[in-house]
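Here are some notes for your reading of the model.

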Amino acid sequence: MKVSYQWLKEYLDIDVEPRELAEKIARTSVDINDVYSLSDGLKKIVVGDVKRCKPHPDSDHLHVCQVDVGEDEPIQIVCGAPNVAAGEKVIVALHGARIGDNVKIKRGKIRGQQSNGMLCALQELGFSDKIAPKDYDDGIYLLPDDAKPGDSVFPYLGMDDTIIDTDVTPNRGDMLSIYGNVNDIAAFYGLKPHFQELSVKENSDENASDLVEAVVNDETIAPTYKLRVIKDVKIAESPLWLQIKLWNSGIRPVNNVVDVTNYILLKYGQPLHSYDYDQLPGHRFSVRHAKKDEPFVTLDGDEHKLIENDIVVTTDDQPVALAGTMGGQGTAVSDETKTVALEAAIFNPIMVRKQARRLDLHSESSMRFERGINPATVETALDEAAELISELAGGKVTKGIVTASEKPAEDKQITLSLAKINHVLGTELSMDKVEDIFNRLAFPVETAGDDQITVTVPPRRWDIFVAADLYEEIARIYGYDNLPATLPVMTRNHGGLTPRQKFIRATRHDMEGMGLTQAISYSLTTVEKAKQFQIDPVDEPMKLDFPMSSDHVATRMNIISGLLLDVAYNVARNVDNVALYEEGRVFLPKGGERPEEQEHLAAAVTGQMLANSWHKDDQPVDFFRLKGIVERYLHNLGIAGKISYVADDSRSEMHPGRTANIMIDDQLVGFIGQVHPTTAKEYKIPETYVFELNLEALLAADKVANEYHPISKYPAITRDIALLVNTDVTNDDVMAIINKRGGAYLKKVHLFDVYSGLHLPKGKKSLAYTLTYQDDNDTLTEDQVNKAFEKVTNALEDDLSAEIR
Amino acid sequence: MGLKDKLTQLRDEGMAEIRNSKDLQKINEVRVKMLGKKGPITSVLRGMKELSAEERPVVGKFANKVRDELTTAIEDRRAELEQAELDAQLAEEKLDVTLPGTPVAQGQSHVIQQIIDQVVDLFVSMGYEVAVGDEVEQEVYNFEKLNLPKDHPARDMQDTFYVTPTVLMRTQTSPMQARMLEKHDFSQGPLKMISPGKVYRRDTDDATHSHQFNQIEGMVVGKHITMADLKGTLEVVAQSLFGDKLQVRLRPSYFPFTEPSVEADITCFNCMGKGCAICKHTGWIEVLGAGMVHPNVLKMSGVDPEEYGGFAFGLGPDRFAMLKYGVDDIRNFYQNDVRFLNQFDEKG
């Protein structure tokens with residue numbers, strides 16, 4: 001709410017500067033968006049008196065004016081506004097002035113005529129169209145006759161006021177009024193507010209109840225509903241003091257009736273609505289839910305089709321307003337209005353909120369209904385409004401208020417324990433101190449013994465229900481700055497990461513240590529991408545009921561597809577070397593209410609993993625580079641089972657000849673390989689290698705503990721073997737035979753060369769291994785090794801038709 | 001010429017030859033020539049038997065002295081030459097040490113992960129446990145049990161991705177509050193937990209909004225937990241993440257699941273409170289929301305609010321990262337531009 005500092009001062013003897021006050025409000029009450037003056041950044045703008053005004057000789061619309069600006073001689077200013085005339089008091093931006101939008105005014109010639117400044121509209125002083133009065137839309141603003149030429153215009157226009165723009169939390173609806181602000185500020189400065197209320201003089205002979213009737217059948221819709229009728233009003237411009245209060249609060253002045261309702265809304269937080277009595281379809285008011293598809297035209301001219309949850313005010317069952325939200329076009333107060341029906345109500349906050357939200361009609365009124373209304377001031381506000389309309393528009397207030405429903409304004413009593421207060425806040429407040437705080441808030445208290453304190457909460461603080469709400473009142477008035485700062489006492493339960501959390505963290509560190517950078521992608525994706533690259537495919541992903549964008553409609557069932565989008569994003573920006581990993585959730589619907597959430601690890605690499613170097617050849621990533629990372633990672637986990645990589649040509653997004661399933665014994669835990677060129681093309685990415693692992697499976701897998709093996713003191717002997725085999729013979733096939741026939745002394749087998757090419761017969765390849773033999777307890781003899789080696793070579797020849805080279 | 005004179009002559013000639021040896025091969029030749037079995041000193045010594053018994057030890061001693069002198073001279077010269085050869089080799093091996101080193105493959109964690117890890121480590125060091133929840137939540141845990149009944153206005157502030165009327169993408173990590181309260185055995189002491197993770201809001205992505213972001217929720221509930229403890233804890237968090245010279249300011253705020261509720265601001269680390277564009281000229285930056293756990297939340301999770309109480313707080317790693325590094329577009333965090341990710345490679 002835009003709170004006028006000058007308005008506050010009418011009711012509070014406050015002597016702190018506006019900025020200091022704002023800081024105090026922020027620390028004690030509600031947050032502050034901004035503190036500003038409408039005159040900020042403006043200068044040399046004064047009152048002018050137009051002495052003479054003649055048409056410009058070379059223009060059909062410009063005027064040449066002689067304007068008294070408080071100097072010895074009037075100055076000449078050329079002005080194009082149609083409403084400029086001799087005798088008017090105007091806003092003059094002098095030579096050297098700074099006006100709105102940081103525009104500087106300089107003297108100059110306009111079509112040959114000297115002009116020593118500019119006559120201004122409020123918009124030119126930075127007023128937005130939302131607050132500048134409508135009456136001056138087509139010309140310059142005219143000041144009151146008593147304005148003194150040469151004076152700064154700011155005091156005349158209330159622009160010297162400081163506005164404290166507060167950001168009110170949903171619970172503090174009471175802070176959406178001057179009344180609420182005055183009460184709260186009085187509490188934290190310990191002041192006595194002198195709030196002024198106007199009482200109404202019913203100066204008409206007629207009874208309101210003879211003119212209108214009001215019925216509310218369902219009090220949940222309108223717990224309070226009241227009407228007054230004011231006759232013989234004369235619609236006109238409001239006095240300047242009223243207009244200033246409105247525009248300083250961000251509300252546009254319209255006419256003396258509408259302005260009064262807005263003034264009351266600001267002062268009490270009580271929205272009012274004024275109807276043109278003679279335009280109403282009937283005079284029996286009622287509030288009800290709308291009918292399905294019932295049409296309604298709001299006063300902004302928009303036509304709405306209503307739904308049954310909407311709420312409308314009707315007369316003779318014809319809708320005349322969206323209750324609490326916006327009035328209807330045909331019944332709004334206009335220049336011709338003679339009789340006003342004035343409505344003060346409390347509408348159901350939830351219904352108003354839903355209606356305003358659905359129709360996108362948030363207004364100063366709906367905002368207040370949504371956050372609650374003080375039942376104690378509905379009538380006060382209605383009476384004061386009627387009185388003001390009577391004073392400003394010359395209306396006659398008819399006798400009585402017509403009431404259809406009335407929510408009682410009740411005090412609430414909450415009993416507190418002093419010990420508990422101090423226990424919750426960590427303070428050592430005395431009973432006197434607590435009583436003092438409630439006295440400042442003007443909440444009556446009664447104490448019993450030295451611990452019990454019963455607080456009476458007035459209806460103006462409808463946000464307070466339970467003891468905890470009062471703890472907050474005590475804490476904020478006492479001051480959070482004064483609260484001690486301690487840490488919870490240490491206890492015997494210790495914290496720490498769980499094994500699962502440690503495992504995930506170690507996984508990330510492994511990936512980073514091996515050159516992959518962590519990515520965090522979106523979990524929500526398209527159905528198609530959600531379904532790709534699954535380790536163990538599930539048919540359909542979980543879909544959102546009402547997605548926001550077509551790119552994010554389903555939860556992912558793999559991580560790779562998101563990483564490929566990241567690769568594409570980089571490649572499109574000429575970043576050719578990408579090595580990313582991601583650890584996170586995938587969501588697998590398995591028939592339950594919610595999908596199974598699995599922690600997965602995936603990586604995508606393209607280009608080179610090592611930057612180009614002046615003394616090293618480029619090393620484009622390939623299958624084995626990435627497999628090395630997976631192997632090392634799985635090795636680090638110490639998995640007890642047998643890890644194997646099984647060629648797999650069944651994954652449609654993967655290269656059929658360059659993809660392997662990753663197995664622990666017989667369990668599928670992931671896959672690795674090259675993205676299928678067709679898929680890569682769809683993603684607009686170059687040759688890219690990926691893997692995805694199910695971390696749940698890895699976490700659950702049996703692990704081996706680290707064990708110490710004494711290092712043999714006896715020398716190791718090595719033998720190299722190169723064999724020519726058919727190309728379909730795999731390394732695994734060879735290794736299996738070597739390990740099976742290697743004998744007790746075979747410690748290690750190392751593949752050191754793979755060759756297939758021109759120098760070999762077609763369909764053949766060469767594999768070369770180093771076999772290391774060692775006896776832990778004795779020195780091996782050449783003879784022992786030769787015998788063991790021969791067994792291996794024989795087996796390779798027999799079982800694989802290998803040719804030993 | 002007597003033997004002694006001959007030895008003296010041999011010594012002088014040998015010394016000259018040693019001095020003139022320019023390489024290791026030459027000095028080796030000199031050694032063999034002078035000191036070898038067929039060398040002149042050996043033959044001189046062989047002539048000793050001609051000498052008288054008095055002369056023999058004198059000449060013998062002198063001969064040994066000459067041999068030792070020559071041996072030492074040869075070794076010194078050899079060491080000199082070896083050193084010279086090594087120096088020459090080292091001079092040859094000189095590198096341009098300003099050439100760049102060979103790159104190694106080293107990745108790093110995402111900037112948001114870094115913030116999360118920092119916060120997690122901090123709380124773990126204070127004895128908190130880490131509770132990670134599901135990202136697809138039941139509505140009852142995401143809202144109802146947090147004192148956010150249907151039609152609560154605060155639900156409007158959190159536009160939600162629903163899957164079914166009872167299942168949604170969690171809008172906050174707070175559901176773990178209720179789940180942990182239900183699970184915790186208070187006879188073992190207070191519950192001290194934090195819960196980091198991804199959350200989702202039905203928002204259109206732009207520079208300051210993301211439909212996916214991260215939150216870290218924290219809660220302590222026990223018999224003797226006070227609002228002063230909350231204030232102290234928030235000070236520790238803010239100062240350890242942003243610097244210990246910064247002040248913490250608490251302001252009243254509103255969250256349905258806490259009462260009293262506060263927002264914590266820290267001194268703007270950019271201008272140290274003087275006012276700048278980052279803090280919108282207030283000198284303060286809002287970093288987290290917190291409060292004392294609402295009695296309704298405790299009650300709904302089966303904890304007696306008369307006996308137990310505590311505090312809860314929530315902070316946004318995305319926002320922290322944006323503040324700390326001046327990142328001006330939240331989408332940067334999820335596009336994974338390598339040039340962006342690589343900027344946050346401090347390992348300290």
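Leaving aside its neighbours within four places in sequence, which residues is A:T447 in contact with?

1. The model is a predicted one. In it, A:T447 touches A:M431, A:E435, A:Q452 and A:I453 once the neighbours within four places in sequence are set aside. The residue belongs to strand 26 of chain A, residues 445–448. A:T447 counts as partly exposed because 15 other C-beta atoms lie within 10 Å, while a buried residue would need 20 or more and an exposed one 12 or fewer. A:I25 is 422 residues away from A:T447 in sequence, and the two C-alpha atoms are 29 Å apart in space.

2. Next, the division into domains. For chain A the domain assignment lists domain 1 (2–37 + 162–189), domain 2 (43–157), domain 3 (208–405), domain 4 (412–482), domain 5 (499–700) and domain 6 (717–804). Taken over C-alpha atoms, the centres of domain 4 and domain 6 of chain A are separated by 86 Å. Chain B is assigned domain 1 (3–92) and domain 2 (111–341), and the C-alpha centres of these domains of chain B are 88 Å apart.

3. Helix 4 of chain A (residues 178–189) can be checked for length. Its 12 residues, at 1.5 Å a residue, should span 16 Å, and the end C-alpha atoms are 16 Å apart, so the two values agree. The expected span is 1.5 Å times one less than the number of residues. Just after this helix, A:G190 has a positive phi of about 65°.

4. Is helix 4 of chain A mostly covered or mostly open? It is mostly covered, with 11 of its 12 residues buried. Those buried residues are A:I178, A:Y179, A:G180, A:N181, A:V182, A:N183, A:D184, A:I185, A:A186, A:A187 and A:F188. The elements that cover them include strand 1 (2–4), helix 1 (5–11), helix 2 (18–28), helix 7 (256–268), helix 12 (431–440) and helix 13 (467–478) of chain A.

5. The largest nonpolar core here has 277 residues, and the members that touch the most others are A:I91, A:V92, A:L119, A:I389 and A:A603. Helix 10 of chain A (residues 378–393) supplies the largest share of this core, nine residues. There is also a second, separate core of 15 residues, with A:I717, A:V725, A:L771 and A:A802 among them.

6. A:I91 has a contact list of its own. Beyond its neighbours within four places in sequence, A:I91 is in contact with A:I45, A:L119, A:C120, A:L125, A:I140, A:Y141, A:L143 and A:V153.

7. Strand 3 of chain A (residues 43–55) has two antiparallel pairings to report. Six bridges connect strand 3 to strand 6 (residues 89–99) of chain A, and in that pairing A:D49 is opposite A:K89. Strand 3 also pairs with strand 4 (residues 63–68) of chain A over six bridges, where A:P55 is opposite A:H63.

8. Elsewhere in chain A, five strands make an open sheet of mixed pairing, in the order 13-16-19-20-21. Strand 13 (213–215) and strand 21 (326–327) of chain A are at the edges with a single partner strand each, so one side of each has no neighbour in the sheet. Strand 13 runs parallel to strand 16 (residues 284–289) of chain A, over three bridges; A:A214 has A:F285 as its bridge partner.

9. Strand 5 of chain B (residues 191–200) is mostly covered, nine of its 10 residues being buried. It pairs in the parallel sense with strand 1 (residues 129–130) of chain B over two bridges, and B:E129 is bridged to B:M193. The pairing of strand 5 with strand 6 (residues 212–222) of chain B is antiparallel, with 10 bridges; there the bridge partner of B:K198 is B:N214.

10. Last, the interface. How many residues of chain B are in contact with chain A? The count is 71 residues of chain B against 82 residues of chain A. On the chain B side, helix 9 of chain B (residues 227–242) gives the most, with seven residues. That side of chain B is made up of 31 nonpolar, 23 polar and 17 charged residues.

How values were computed. Residues are numbered from 1 along each chain as its sequence is written. Chains are lettered from A and ligands numbered from 1 in the order in which they are written. This is a predicted model: local features need pLDDT of at least 70, side-chain atom pairs count only at pLDDT 80 or more; totals for chains, interfaces and linings use all residues. Two residues are in contact if their C-beta atoms, placed from the backbone, lie within 7 Å. Helices (H or I, at least four residues) and strands (E, at least two) are DSSP runs, numbered from the N terminus. Ala, Val, Leu, Ile, Met, Phe, Trp, Tyr, Cys and Pro count as nonpolar, Asp, Glu, Lys and Arg as charged, and the others, Gly among them, as polar. A nonpolar core is a set of buried Ala, Val, Leu, Ile, Met, Phe, Trp, Tyr and Cys residues joined through C-beta atoms within 7 Å. Domain bounds come from an automatic or database domain assignment. Two strands pair if DSSP finds at least two bridges between them.
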